[in-house]
Amino acid sequence: MNTQLLILGNGFDLQCNLKSSYEDFFKNALIDTHGESFGLEQLRDGVSGFWEILLYHYYLTNKSANLMWYDIESIIKKTLFKIFDKDNLGFTFWSKALSRAKKIPNNLILNRFFGSIENYLYVYLEIFFRNNLDLNQTYPESETIDLIIKKLFNELHNFEKRFCKYLKEILVDSNNQEQINEKYIIDAFNLLNKLTRFSEVDFKHLDDIITQEYREVKEVVSERQTITRIKNVNVLKGFSKLKFVNILSFNYTNIFDILSVSAPCTYSNVHGKLCGEKCQESCNLTNIIFGIDDKAIQSNGENIDLRLFSKTYRKMLSSSVPISILPPNNIPLQIKFYGHSLSEADYSYFQSIFDYYNLYSNNNVSLLFYYSEGHEQTDAIYNLINEYGKTLSNKEQGKNLLHKLLLENRLNINKIS
Ligand SMILES: [Zn+2]
């Protein structure tokens, strides 16, 4: 078996029927859609928070036009740039909200619809300024910016916790919270098998994947004997070939973690993974990472303070030593993609990977894009390769990269059944 680098996006979990998209999350955890046909959708009881209410505004404003109202990462980017960028006259949105806060008194409750996204942002900031600043005083600009950024970041982390909690809820059996969502695990292993061909088995039951043994431990404690049953879970032997596979997942789930077994392959969650315990206490800044591509922050020179919202910066906060997550670059390698939208938001990652393997001239490396029916992505692949080509120092090479890959049979697009 060839060494493989398998890059998975949310399409992987969705194909395995895990309702893990932002849209699922919003519709199942944030909004009460019971009155939808009467136009009475509202946030669920107890749901508040800056990003939650903002998404609600995007939903009400954009859903009928079929726009991507739930694309949280592009909403984060758009919102931050809107608040902090200067307009043609040199004013920022937040400074305008600050002057409004000084003029008009307001006693508004945030948990409702304000007619437009812009209006909501105004009202949110006005209330924030009233609660956190002495409006008769003048503060240095940097101090105010710092205050807003800290607040919005804190709100984002609360939002991430909510998402973590939601994912953990759908990963257990809906009838028995003690059991894992077996169907998802079985579907996920079968799909992983189709993508990597590590096994001949068609998985039908959990027992095809793991063995569970109970071991009795006898202990004598103050003259009384106690017996504890300890569950040992092991992945079946047929998984040894997975050691040639290196998985880079953009999801927050890890199928081996869910089974409580150690992974037989290198498995990394690019943007963090679910926390182990109760979200309120144990979710930290490296569990679920919502953010924007570092490139977007760097090209917005004005607001380097926004780096807290860069996914790359967040990864740096991770206390664990970064392990080498990529296979070596001097052996034959297949880089496989599945279920990733290949959107601009993650270009930084793909660029680093292609650079590391010297994609242009390294004949040992080939790209395989897999898709399921209805999820063709020829245009996205075309854009990805050409955008990467533009980053090569030799511009002529950049322009013919796609052509060269096709000619050398190093780029394939395959449908899987
Ligand atoms: Zn959590």
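Analyst: Start with Glu-387, which is partly exposed because it has 15 C-beta neighbours inside 10 Å. The scale runs like this: a residue is buried if 20 or more other C-beta atoms lie within 10 Å of its own, exposed if 12 or fewer, and partly exposed in between, with C-beta atoms placed from the backbone.

A word on the source. This is a predicted model: local features need pLDDT of at least 70, side-chain atom pairs count only at pLDDT 80 or more, and totals for chains, interfaces and linings use all residues. Residues are numbered from 1 along each chain as its sequence is written.

Now the setting. Glu-387 sits in helix 14. Helices (H or I, at least four residues) and strands (E, at least two) are DSSP runs, numbered from the N terminus.

Which residues of helix 13 and helix 14 meet? Helix 13 brings Tyr-347, Phe-350, Gln-351 and Phe-354. Helix 14 brings Leu-384, Glu-387, Tyr-388 and Thr-391. Contact here means that two C-beta atoms, placed from the backbone, lie within 7 Å. By class, this contact has five nonpolar residues, two polar and one charged. Ala, Val, Leu, Ile, Met, Phe, Trp, Tyr, Cys and Pro count as nonpolar; Asp, Glu, Lys and Arg count as charged; the others, Gly among them, count as polar.

How do the two helices cross? The axes of helix 13 (residues 347–356) and helix 14 (residues 378–391) come within 11 Å, at roughly 65°. Axes are lines fitted to C-alpha atoms, for helices over the stretch in contact, and angles run from 0 to 180 degrees between N-to-C directions. The crossing of helix 13 and helix 14 is right-handed. A crossing is right-handed if the near helix is turned clockwise from the far one by less than a right angle, and left-handed if anticlockwise.

Next, look at the loop between helix 13 and strand 9 (365–372), where Asn-358 is found. Asn-358 is exposed because it has 11 other C-beta atoms within 10 Å. Its phi is positive, about 50°, although Asn-358 is not a glycine. Most residues other than glycine have a negative phi.

Ser-260 lies in the loop between helix 9 (255–258) and strand 7 (266–269). Ser-260 counts as exposed because it has 12 C-beta neighbours inside 10 Å.
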